[in-house]
Amino acid sequence: IERKRLHPRMAVRTRSRVPWQQDALSVWSDLLPWTAPAITLLGWYIVNGQNNARERRKEARSAADRCKTIAREVTQLGYNYWLGKGNVEAWQIKAQLEELEVEIARFPEGKGRSKLIDRHIDLVEAITGLDFESATMKPRESGHVIYREIAIARQRLLAEIEQQFSQHFG
């Protein structure tokens with residue numbers, strides 16, 4: 001232990017310090033200026049991750065709603081086509097079905113997207129079944145079984161869209 005000379009009556013004992021041996025106060029005084037930026041960066045990272053997740057969910061909700069809207073529209077076109085109403089052409093139905101397929105492809109792979117594609121195929125088969133696009137296509141009466149098949153296929157597709165959304169983003 002060495003003595004520092006300050007004043008003859010106030011001799012203070014100090015330990016000789018080695019650079020790697022610092023007391024706790026010195027460590028905290030060295031780290032303190034860095035804590036605010038570190039906490040800020042950590043907070044930004046957490047908030048940014050939450051914002052990104054919320055945006056992905058909003059985009060997925062938008063895609064799911066778009067799929068449901070297209071499914072309803074194409075179903076109505078299919079009903080009108082088979083009833084012989086509204087001057088609906090087969091190409092219009094095909095275009096809507098292809099647009100629906102593109103929207104369905106936005107759902108994440110895995111976790112059951114194949115079920116969603118299967119429901120889409122069921123709807124396509126229900127709407128385009130029988131003599132779709134044939135030159136001899138005859139309008140069907142309103143009680144024909146095809147309307148029930150289209151309605152069931154549409155309902156299954158809508159339910160699967162919601163199921164996929166809640167499974168991936170719920």
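Reply: Let us begin with leucine 42, which is located in helix H1, residues 24-83. Please bear in mind that the model is predicted.

Me: Is leucine 42 buried or exposed?

Reply: The class follows from relative accessible area, and a value over 50% counts as exposed. Leucine 42 has 52% relative accessibility, and therefore it counts as exposed.

Me: Which residues form a nonpolar patch on the surface with Leu42?

Reply: A patch joins nonpolar side chains within 5 Å of one another. Here Leu42 is grouped with Trp44, Tyr45 and Ile46, and the accessible area of these residues together is about 510 Å².

Me: What is the accessible surface of the chain, and what share belongs to carbon and sulfur atoms?

Reply: The chain has an accessible surface of about 12400 Å², with 54% belonging to carbon and sulfur atoms. Of its 170 residues, 27% are buried.

Me: How many helices and strands does the chain have?

Reply: There are four helices and two strands, and along the sequence they follow the pattern β-β-α-α-α-α. As for contacts with a separation of 6 or more, 66% are between residues 24 or more positions apart.

Me: Which elements have the lowest and the highest mean pLDDT?

Reply: pLDDT expresses the predictor's confidence in each residue. Among the elements, strand S2 (residues 10-14) has the lowest mean, 54, whereas helix H2 (residues 90-104) has the highest, 93. For the chain, the mean is 84, and 85% of the residues reach 70 or more.

Technical notes. Residues are numbered from 1 along each chain as its sequence is written. This is a predicted model: local features need pLDDT of at least 70, side-chain atom pairs count only at pLDDT 80 or more; totals for chains, interfaces and linings use all residues. Side-chain values use heavy atoms; hydrogens and water are left out. Patches are made of residues with over 30% relative accessible area and no salt bridge: like charges are joined within 9 Å, nonpolar side chains (Val, Leu, Ile, Met, Phe, Trp, Tyr) within 5 Å. Accessible areas come from the Shrake-Rupley method with a 1.4 Å probe; for residues, only the protein chains shown count as cover. A salt bridge is a side-chain nitrogen of Lys or Arg within 4 Å of a carboxyl oxygen of Asp or Glu. Buried means under 20% relative accessible area, exposed over 50%, partly exposed in between (1.4 Å probe, protein chains only). pLDDT is the predictor's confidence in each residue, from 0 to 100. Contact means heavy atoms within 4.5 Å.
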